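Hi everyone, thanks for making time this morning. I'd like to walk you through one structure together, so please have a look at it while I talk.

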Amino acid sequence: MYGSKLDSREIILFGFGKLGHKIYEMLTTNFNKITVADNREDIVAEAKKYGIESAFYIDLVDDCKLTELGLNNKILFCAMDEMSLNIFLVLSLKTISTNSTIISVSTSSESTRKLKFIGADKVIDLYESSANRIVDIITRPAVTKVLDEIIYIDNEIRIEEIEIPPNSFLEDRCVSEIDFRKFGLILIGITDKEIGDDFIFVSRGINHKFDEGDILVLLGESQALEDFYNILWDKNSE
């Protein structure tokens with residue numbers, strides 16, 4: 001984000017559960033016009049308690065009620081905890097909205113495929129995304145599109161979360177000691193289960209010590225990721 005000016009575009013965020021709540025917090029750093037809608041009255045009450053005045057209960061199968069939210073010319077962000085609801089929502093919103101940008105979260109490659117097929121303008125695979133990337137997808141679509149085409153489409157490269165098993169060759173070694181490039185991979189970050197679920201970007205220069213249970217976020221070709229997973233479980237490796 002450049003300076004302190006917030007993006008003036010309006011967002012309707014569908015879902016304020018586990019996924020939606022986190023995404024709302026990310027979006028508020030760049031956007032000040034966010035409406036929350038959910039099909040669970042208790043979740044809507046929670047959103048209002050959280051301080052969101054524009055939080056509404058909505059029947060997701062009622063197109064008329066959805067239309068009353070004012071869908072046109074807005075960013076429509078589907079972040080329901082149940083992927084089947086996001087798929088249903090994208091299908092409905094694509095039909096009843098005009099000049100809107102429809103974005104949905106996804107938790108699997110199969111859901112991503114379905115969401116793209118039915119017309120989502122952008123799908124955010126949560127296994128590939130960070131808070132910065134979620135904002136970039138909205139604020140810098142041209143840059144994101146180029147990166148997606150270069151990295152993910154042309155080269156069949158993907159991002160994977162891999163948990164460090166017991167007695168692996170990584171245990172008690174630091175980031176600076178491991179050359180992930182020799183495995184054909186790039187280490188993006190780590191989630192340290194001992195200190196919580198916070199994601200640590202290695203680009204911050206933190207020389208983290210690997211422990212059993214840490215989750216590595218790695219970028220590379222599918223075969224390289226699979227090979228590395230097998231090496232981790234090989235007690236005689238390295």
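How many helices and strands does the secondary structure of the protein come to? In this model, which is a predicted one, there are 8 helices and 10 strands. The protein has 238 residues, and 45% of them count as buried. Here is one more overall number: if you take contacts between residues at least 6 apart in sequence, 61% of them join residues at least 24 apart.

Let's start with the sheet. It is an open sheet of 6 strands, paired in parallel, and the order across it is E3-E2-E1-E4-E5-E6. Strand E3, residues 55–57, and E6 stand at the edges with a single partner strand each, so one side of each has no neighbour in the sheet. On average, neighbouring strands here are turned by 20° against each other, direction ignored.

Now a few of the pairings. E1 and E2 run parallel and are joined by 4 bridges; if you want to find the spot on your screen, Ile11 has Ile34 in E2 as its bridge partner. Strand E4, residues 75–78, also runs parallel to E5, again with 4 bridges, and there Leu76 is partnered by Ile102 of E5.

Let me stay with E5 for a moment. How many of the 6 residues of strand E5 are buried? The answer is 5, so to speak a mostly covered strand, spanning residues 101–106. E4, helix H4 (residues 83–96) and E5 together form a right-handed β-α-β unit. From E5 the chain then goes through helix H5, residues 109–117, to E6, and this β-α-β crossover is right-handed. E5 and strand E6, residues 122–125, run parallel and are joined by 4 bridges, and Val105 stands opposite Ile124 in E6.

Next, the helices against the sheet. H5 lies across E5 and E6, at about 165° to E5. H2 lies across E2 and E3, and its angle to E3 is about 165°.

And what about helix against helix? H4 and H5 pack with their axes 9 Å apart, at an angle of about 10°. Angles under 35 degrees count as roughly parallel, so H4 is roughly parallel to H5. On the H4 side, the contact is made by Met83, Asn86, Ile87 and Val90, and on the H5 side by Ser111, Lys114 and Leu115.

Finally, the nonpolar cores. As a reminder, in soluble globular proteins nonpolar side chains tend to be buried together. Which residues of the largest nonpolar core touch the most other members? They are Leu13, Val36 and Phe77, out of 21 residues in that core. At least two residues each come from strand E1 (11–14), helix H1 (18–27), strand E2 (34–38), helix H2 (41–49), E4 and E5. H1 gives the most, with 4 residues.

Leaving aside neighbours within four places in sequence, Leu13 is in contact with Gly20, Ile23, Tyr24, Ile34, Thr35, Val36, Ala37, Phe77 and Ala79. Apart from this core lies another one, of 20 residues, including Ile58, Leu89, Ile102 and Ala120.

Note on methods. Residues are numbered from 1 along each chain as its sequence is written. This is a predicted model: local features need pLDDT of at least 70, side-chain atom pairs count only at pLDDT 80 or more; totals for chains, interfaces and linings use all residues. Side-chain values use heavy atoms; hydrogens and water are left out. Buried means under 20% relative accessible area, exposed over 50%, partly exposed in between (1.4 Å probe, protein chains only). Two strands pair if DSSP finds at least two bridges between them. A crossover is right-handed if, with the strands pointing away from the viewer, the path from the first strand over the helix to the second runs clockwise. A nonpolar core is a set of buried Ala, Val, Leu, Ile, Met, Phe, Trp, Tyr and Cys residues joined through side-chain atoms within 4.5 Å. Contact means heavy atoms within 4.5 Å. Axes are lines fitted to C-alpha atoms, for helices over the stretch in contact, and angles run from 0 to 180 degrees between N-to-C directions. Angles under 35 degrees count as roughly parallel, over 145 as roughly antiparallel, 65 to 115 as roughly perpendicular and the rest as oblique.
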